[in-house]
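Biologist: I would like to learn how to read a model like this one. Please take me through it feature by feature.

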Amino acid sequence: MAGAKNTTHLLKQLRAFMKNTKYSEYLAACDERRAFLTGFTGSAGTAVVTQTHACLWTDGRYHLQAASEMDHNWTLMKDGLPGTPSQGEWLSEVLPSAGGSVGVDPRLLSSRLWDTLSAELAAGGHRLRPVHTNLVDLVWTDRPARTANAVQPHPLRYTGMNVKSKLEEVRAHMKKKNCTLLVVAALDEIAYLLNLRGSDIVYNPVFFSYCVVLTDSVHLFVDPAQLSPAVTQHFADEGAPDLEIHGYGEVWSFLKDKAAALEGKAWLCPLSSHALSALFERGQREVDRTPPCTMKAVKNETEIQGMHSAHVRDAAALCTYLSWLEEQVAAGHSVTEVSGAAKLDALRAEQDLFVSLSFNTISSSGPNGAVIHYDPSEATDRPITKDELYLVDSGGQYRDGTTDVTRTVHFGQPTDHQKECFTRVLKGQIALATAVFPNKTRGTLLDPLARLALWQAGLDYPHGTGHGIGSFLNVHEGPQTIHSRPQPASEPGLEQGMFVSDEPGYYEDGQFGIRLENIIRVVPADTKHNFRGRGYLTFAHVTLVPVQTKMLVPGLLSKEEVSWLNDYHAEVRETVGPLLKEQGRAAAYAWLLRETEPLG
């Protein structure tokens, strides 16, 4: 990594503010505050600062990265490992005596996490308190301004369902729960519900906003300067001409007024901020997964077709890149992680309906592959050679869908150990992709299928196996997930029409990393029986990119696994091949034919 950021002066200033406000400071992962304060740039983690300690909790995806990016002031707490305390447990131990206060910006901590942390602190005789002036902002003197980019309509030809129909479905759910007010705070849910897209957050086509749905009106809280006349016309065209626009910051006073005269209940997501939830008395709240969350996860036929089409074009870009890269390495030309990623990004941008990347391309050679969410930079750049494994995890945002795919390849001669690890990763990927399971099965029950072949050799990987993915929305989308961690009660289980990733891996620190990732779609399974009429499901391919067969140990694969791989490669050849020829990618097409030859 690029080296640790010196945080001594920042912590000194922060602790002075903490002392003056008589609170310890607990920082939730939000915006770039954590990265600014700690130096850790990963996407998941929580920083906790007291007058004498500074700790960062993050999961196994980021243990190596966090250790390299943080300086001596910080202690890394390896979330998910036995013996690592929760933030509440740790604070109860280190705070000097009972009766202490832990301060949190209530806008940046979900109501669910607030309640959990509050209970843990209460058990130790301490109290969780809201800090309405974010103390990190006081030391972040050059904090960037909030973005406010233009919001654009997302047409019906991509959404398959107009705003009026979506609102009708939402209100039907509200009626069943006796709710007269719904707060939609998740940015991707707002974008989905109103068929709008933005660019306020890099790689995510969303915009800063809140939405409140009442039984007879809809209110969007957003910077009005972001809305063009085309958005007003869009609402009229999609059956919501009376939707009311308010300033972004007006949501707090609006909801406070509604709470004072509320009939029925207010529906909030457990992931909504504590500040939003606290506007309503506990007896007024219905805290549950909100309707747009599941609605966007279960794609309609238009969205399904768009996702498949986007993945075919995306596969053409990735196949062209891998073909080009193999040729460059064989010829001895210099290609590095950074220059390789730039080439792949440019090839994606040539595809129809491309808007942006869906995340920063993970282009990692040799030991950098073991850094699970590695971000290539000039400071860490390594050459891509025939002597090491190369892992590339990348994706695109297209008007008709979002993609995310990982392939690991070797352009020389991999070791027997690397081939065995790779084969066991593929076996896990196949085991999940071919699973048959009852409707609404939770991902925690399927997760072991992807790990079993690794476990049999005493191997594993420190991250989840699958995440949902949006339709020209966030590349990581809930509520569905496939993970070894226990999931909250709001996690609904898998349903027909959901898309998830299938991405087992294996990593050796300082040596190499292996990951294979496909997006798969939940489809009905044709089973002989149907126990208690529950219905059974399986998966269909969405990602269509060859798996490098020279990385395999054929003897470790069953006949069924070989058959699966050959069928998959035949589908890749038949689906992606014509597009490569149409685009004039002769070298990539020849590469595709070779890489999809049946395995004997």
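Biologist: How many nonpolar, polar and charged residues does the lining of the largest cavity have?

Modeller: First, the ground rules. This is a predicted model, with residues numbered from 1 along each chain as its sequence is written; local features need pLDDT of at least 70, and side-chain atom pairs count only at pLDDT 80 or more. Totals for chains, interfaces and linings use all residues, and side-chain values use heavy atoms, without hydrogens and water.

Modeller: Now the cavity. On a 1 Å grid over the protein atoms alone, a cavity is a set of points where a 1.4 Å probe fits but cannot get out; lining residues have an atom within 4 Å of a point. Ala, Val, Leu, Ile, Met, Phe, Trp, Tyr, Cys and Pro count as nonpolar, Asp, Glu, Lys and Arg as charged, and the others, Gly among them, as polar. Here the lining has six nonpolar residues, one polar and three charged.

Biologist: Which residues line the largest cavity, and what is its volume?

Modeller: A volume is the space filled by probe spheres set on the points, with grid points joined across faces, edges and corners. The largest cavity comes to about 80 Å³. The structure holds two cavities of 30 Å³ or more. Lining the largest are Leu322, Glu326, Arg407, Val409, Phe411, Pro546, Val547, Gln548, Trp591 and Glu595. Helix 14 (301–330), strand 20 (405–410) and helix 19 (586–595) each give two or more of the lining residues. Helices (H or I, at least four residues) and strands (E, at least two) are DSSP runs, numbered from the N terminus.

Biologist: Where does the second largest pocket lie?

Modeller: A pocket is an open set of points with protein on both sides within 12 Å along at least five of seven lines. Domain bounds come from an automatic or database domain assignment. That assignment gives domain 1 (7–139), domain 2 (152–288) and domain 3 (301–596). The second largest pocket lies between domain 2 and domain 3, because both give residues to its lining. Its volume is about 350 Å³. Of its 18 lining residues, Glu169, His173, Pro291, Thr294 and Met295 are the closest to the centre. Helix 8 (163–176) and helix 13 (291–297) each supply at least two lining residues. By class, this lining has seven nonpolar, four polar and seven charged residues.

Biologist: How far apart are the C-alpha centres of domain 1 and domain 3?

Modeller: They lie 34 Å apart. Eight residues from domain 1 and 10 residues from domain 3 make the contact. Contact means heavy atoms within 4.5 Å.

Biologist: What is the strand order in the open sheet of six strands?

Modeller: Strands of a sheet pair through backbone hydrogen bonds, either parallel or antiparallel. Two strands pair if DSSP finds at least two bridges between them. Here the order is 12-11-10-8-13-14, with mixed pairing. Strand 12 (244–246) and strand 14 (285–287) are at the edges with a single partner strand each, so one side of each has no neighbour in the sheet. The twist averages 20° from one strand to the next. Strand 8 (179–184) and strand 13 (265–268) run parallel, joined by three bridges. Cys179 has Lys265 as its bridge partner in strand 13.

Biologist: Which helix lies across strand 8 and strand 10?

Modeller: Helix 11 (251–260), which also lies across strand 11 (218–221) and strand 12. Helix 11 runs at about 25° to strand 10 (210–214). Axes are lines fitted to C-alpha atoms, for helices over the stretch in contact; angles run from 0 to 180 degrees between N-to-C directions.

Biologist: Where are the cis peptide bond and the positive phi?

Modeller: Most residues other than glycine have a negative phi, and most peptide bonds are trans. In this model, a cis bond joins Gly478 and Pro479, with omega about 10°. Pro479 sits in strand 23 (477–482). Asn195 has a positive phi, near 50°. Its place is the loop between helix 9 (187–193) and strand 9 (196–197).
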